[in-house]
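Here are my notes on this model, as numbered points. Please read them with the structure open.

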Amino acid sequence: MPSFAVLGATGATGGNILKLLVQNPRNTVNVYVRSESKLLAQQPDIASDKKVKIFAGDLRDTALIASCLKDTDAVFSTVASNDNIPDTHIAQDTAHSIVVALMDIRLTEPQAKIPVIIWLSSASVNPKFYEKEPAFVHWLLATSFSYVYTDLAHAEEYLKMHQKWLKVVFIQPGGLVEDKRHGHALSMEKQQTFLSYADLAAGMIEVAEKGGYDWQAVAVVPTTNDTRVEWAVPGRMVKGLTFHFAPWMYWLTKKLHLQ
């Protein structure tokens with residue numbers, strides 16, 4: 001039976017991946033979250049699903065992460081931040097925990113199966129996917145989410161240091177939006193904004209099930225033009241630009257409980 005791990009299942013991407021995986025009775029799914037109660041509030045049906053095992057705790061608990069990843073075929077890493085928080089390192093922390101956990105598994109059981117890592121990233125860190133954007137548009141996006149993209153880039157560099165023994169696929173979609181599934185395709189040539197989280201989830205599962213994408217960057221693109229537009233993006237970009245040029249504003253607004 002296919003076995004998967006989902007890291008970050010209370011987020012939009014991870015939650016949609018989990019919903020799709022449990023629809024297949026052949027799949028078994030290990031789920032990592034920081035809060036089990038939050039996950040069960042979002043998806044109460046999995047509490048009685050014997051194919052799903054929940055691992056809740058600190059992301060830095062590598063023994064916990066190792067237990068979650070052990071004996072799986074693929075791990076979907078979807079732990080991420082959509083906010084431009086100064087000095088964020090959540091992607092780097094996730095990459096480090098995954099690598100250390102898999103190292104521990106190898107040391108304990110040298111013949112153990114090492115899952116392929118399906119790593120959620122962004123088209124904005126890959127020149128191949130953003131080169132056709134107008135220069136100003138790319139600058140605006142890259143600056144509005146500068147801390148997020150820097151974190152992702154460093155995490156990818158770290159993962160590539162372990163290329164001799166790991167298998168990683170970098171999923172690099174364009175802008176994402178809450179919407180239903182409209183249909184998706186995989187592309188290694190282009191990205192397209194907007195893409196629904198539900199279509200992204202289906203595309204990531206397709207990558208895991210097909211195989212053959214090790215150490216490649218893959219975009220998931222919509223196959224229709226009716227994905228809704230996320231009108232909240234301009235507001236997030238204004239906030240992101242503010243925190244980029246005046247990072248102290250983030251800490252001030254946090255201290256004043258304005259976030």
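1. Start with a side-chain pair. The side chain of Ser 121 makes a polar contact with the side chain of Glu 156, at 2.4 Å. Keep in mind that this is a predicted model. The distance is therefore a computed one, taken from a prediction.

2. Where does Ser 121 lie? Its place is the loop between S5 and helix H5 (127–130). Ser 121 has a relative accessible area of 8%, so it is buried; the cut-off for buried is under 20%. Setting aside neighbours within four places in sequence, Ser 121 is in contact with Leu 152, Glu 156, Ile 171, Gln 172 and Pro 173.

3. Thr 88 is another loop residue to look at. It sits between S4 and helix H4 (90–108). Is Thr 88 buried or exposed? It counts as buried, because its relative accessibility is 15% and the limit is under 20%. Leaving out neighbours within four places in sequence, Thr 88 is in contact with Tyr 147, Val 148 and Asp 151.

4. Now Gln 216. This residue lies in the loop between H8 and strand S10 (217–222). At 27% relative accessibility, Gln 216 counts as partly exposed. Its side chain reaches the backbone oxygen of Gly 212 at 3.3 Å. Not counting residues up to four places away in sequence, Gln 216 touches Val 168, Val 169, Phe 170 and Met 188. Ser 77 is 139 residues from Gln 216 along the chain, and the two C-alpha atoms are separated by 15 Å.

5. Helix H1 (residues 12–21) is mostly covered. How many of its 10 residues are buried? The count is 8. They are Thr 13, Gly 14, Gly 15, Asn 16, Ile 17, Leu 18, Leu 20 and Leu 21. What do these buried residues pack against? The strands are S1 (3–7), S2 (28–33), S4 (74–77) and S5 (116–120). The helices are H2 (36–42) and H8 (197–210).

6. Next, the surface. Phe 136, Val 137, Trp 139 and Phe 245 form a nonpolar patch there. Together they have about 450 Å² of accessible area. Helix H6 (residues 135–144) gives the largest share of the patch, with 3 residues. Trp 139 has its place in H6. At 41% relative accessibility, Trp 139 counts as partly exposed.

7. Aromatic pairs deserve a check. The structure holds 6 of them. One of the pairs is Phe 145 with Tyr 149, which is tilted: 6.1 Å centre to centre, with 55° between the planes. Phe 145 counts as buried, at 9% relative accessibility. Tyr 149 is buried too, with a relative accessible area of 15%.

8. Tyr 250 and Trp 251 form an edge-to-face pair. Their centres are 4.7 Å apart and the angle between the planes is 80°. The angle is over 60 degrees, so the pair counts as edge-to-face. Which side of the pair is covered? Tyr 250 is buried, with a relative accessible area of 7%, whereas Trp 251 counts as partly exposed at 44% relative accessibility.

Methods:
Residues numbered from 1 in each chain as written. Predicted model: local features only at pLDDT ≥ 70, side-chain atom pairs only at ≥ 80, totals over all residues. Heavy atoms only, no water. Buried < 20%, exposed > 50% of the residue type's maximum accessible area, 1.4 Å probe, protein only. Helix = DSSP H or I, 4+ residues; strand = E, 2+ residues; numbered from the N terminus. Contact = heavy atoms within 4.5 Å. Patch = residues over 30% accessible without salt bridge, like charges linked within 9 Å, V, L, I, M, F, W, Y side chains within 5 Å. Areas by Shrake-Rupley, 256 points an atom, 1.4 Å probe, with all protein chains shown as cover. Salt bridge = Lys/Arg side-chain N within 4 Å of Asp/Glu carboxyl O. Polar contact = N/O pair within 3.5 Å; in protein donor to acceptor, adjacent residues only side chain to side chain. Phe/Tyr/Trp six-rings, centres within 6.5 Å; stacked < 30°, edge-to-face > 60°.
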